[in-house]
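Hi,

Here's the structure I promised to pass along. Have a look, and then read on for what turned up.

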Amino acid sequence: MPFLPPLSRALCLLLCLLGGAGLAACGAKPADPVPPLQLAVRGDAALGLRLITQYQCGTCHAIPDVPAARGVNGPSLQAFGKRSYIAGRVPNFPDALAQWLVSPASLVPDTAMPSMGVSPEEARHMAAYLGQLK
Amino acid sequence: MSSPLPQQLQSVLAPAGEAADRIGSLSWVLIIGSLLIFVFVMVLLALAIGRRKGGRTVHTRLWVLGGGVAFPVVVLTALLAWSTARTPGWMERPPPGALVVGITAHMWWWEMRYRDPASGQEVVLANELHLPAGRPVWLGLSSPNVIHSFWVPALGGKMDMVPGRVVHLMVQVDQPGSWRGQCAEYCGEQHARMALHVVAHPPAEFDAWLAAQAKPAAASGAALLEEGKNVFLAQRCNACHTVRGVAEEGKLGPDLTHVGSRLYLGAGTLLNQPGAMAHWIAHTQAVKPGARMPSSSDMDAQALAALAAWLEQLK
């Protein structure tokens, strides 16, 4: 385009680039609705609720549906499934949550939450229960 | 081995060793010196007010240069030289013969680490600093969380405990006795209930005390005590607390191997007398709100009594 001044030429180039990017976005496959990390955990939420009662999580946390769970040391776990982060640090994916329940200090070294002796298998069920608290 | 409780409130003016004595005498010099200067100025003021017209005057320049420049320069320089000469120097490592104790400040309690001379193993204790009288003690101070400050007025000055650093403080007490100290740097909700007690023993008694503290918890025979131990494990107290010989994985809270031998519970919060243990376990958050330990108010009375009885006899 020899008849266009340099500024207009640059503008044309920019518009072409933007158009191309828009086309590329439309052509991409839609994102998987379930993030890959969530696929690993398939726990039984009802069993998880009983395990949470048994491990006395309610001594430190207020948890809906758990008997006598009115602790004030830790944060309330109401609507935990809607939270973005575990302990304000770790992205709240079920796998990470299960690991957190087994050994909190392995993810957040200075946490006040103790490792209660939860097995990885039990943690999957507990994570399933906590994940569906919306 | 029962230890007497401190006989008086903590005070800078009641030193128990050389380091505190230096601070005590410096305090007295400052108090008496400033009092003398104050009285001198007040007398001058009274003379100036009462001066009759036409009486004898002192030249202004003498007051400005003498009282305003020369006097403070001489007094403050002398004080600086004297206090500098009495300030303990920095030491790269503990002097030979000194007892080394590691103290870690947690939120809100103190962890004490001794080296058992018999086994060479580290012995972890809490909230009480036991010392042999007449022997220098090197305290290695650190913090894993926020800035705390170690302050036992009878032993010496304050020393800030800065996260990521080990700072030291040399102390020595002359006579057996016990004193109170506390955290002197605001460190959170329960800063005010972060106290510690210092107990100085005659050297032989100290060695016996350390040997006893190095031992794991004694096996209990009685049915009630056995039940108490089972409650400790069933309630998962061991998730945070270690009782050597019973459960040793919990490191978040104070070591309870010999908790029954301590003067106080909860870092100087409750006098360790009959009934205090059960009260502390059931009402932790009422006694020390915000402490990391939850109140176990839902535990049934029989289990609580057994647990408290077992912990109380861990001496």
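In a left-handed or a right-handed crossing: how does helix 3 of chain A pass helix 5 of chain A? The crossing is right-handed. Bear in mind that this is a predicted model.

Some more on that pair: helix 3 (residues 94-102) of chain A and helix 5 (residues 120-131) of chain A have axes that come within 8 Å and cross at roughly 125°, so the two helices are oblique to each other. On the helix 3 side of chain A, the contact uses Pro94(A), Leu97(A), Ala98(A), Leu101(A) and Val102(A). They meet Pro120(A), Ala123(A), Arg124(A), Met126(A), Ala127(A) and Leu130(A) of helix 5 of chain A. Sorted by class, that contact has 10 nonpolar, no polar and one charged residues.

Over in chain B, helix 4 (residues 223-234) packs against helix 7 (residues 301-312) at an angle of about 100°, with the axes 7 Å apart. That makes helix 4 of chain B roughly perpendicular to helix 7 of chain B. Among the residues making this contact are Leu224(B) and Phe232(B) from helix 4 of chain B, and Leu307(B) and Trp310(B) from helix 7 of chain B. By class there are 10 nonpolar, two polar and two charged residues in the contact.

Now for where the chains meet. Chain A puts 14 residues in contact with 13 of chain B. About 930 Å² is buried between the two chains, 51% of it on carbon and sulfur atoms. Gln56(A), Asn73(A) and Met116(A) supply 40% of the area that chain A buries against chain B, more than any other three residues. The count between the chains is one salt bridge: Arg70(A) pairs with Asp298(B), with the closest N and O atoms 2.7 Å apart.

Cheers

Notes
Residues are numbered from 1 along each chain as its sequence is written. Chains are lettered from A and ligands numbered from 1 in the order in which they are written. This is a predicted model: local features need pLDDT of at least 70, side-chain atom pairs count only at pLDDT 80 or more; totals for chains, interfaces and linings use all residues. Side-chain values use heavy atoms; hydrogens and water are left out. Axes are lines fitted to C-alpha atoms, for helices over the stretch in contact, and angles run from 0 to 180 degrees between N-to-C directions. Helices (H or I, at least four residues) and strands (E, at least two) are DSSP runs, numbered from the N terminus. Angles under 35 degrees count as roughly parallel, over 145 as roughly antiparallel, 65 to 115 as roughly perpendicular and the rest as oblique. Contact means heavy atoms within 4.5 Å. Ala, Val, Leu, Ile, Met, Phe, Trp, Tyr, Cys and Pro count as nonpolar, Asp, Glu, Lys and Arg as charged, and the others, Gly among them, as polar. A crossing is left-handed if the near helix is turned anticlockwise from the far one by less than a right angle, and right-handed if clockwise. Buried area is the accessible area (1.4 Å probe) that two parts lose on being put together, summed over both. A salt bridge is a side-chain nitrogen of Lys or Arg within 4 Å of a carboxyl oxygen of Asp or Glu.
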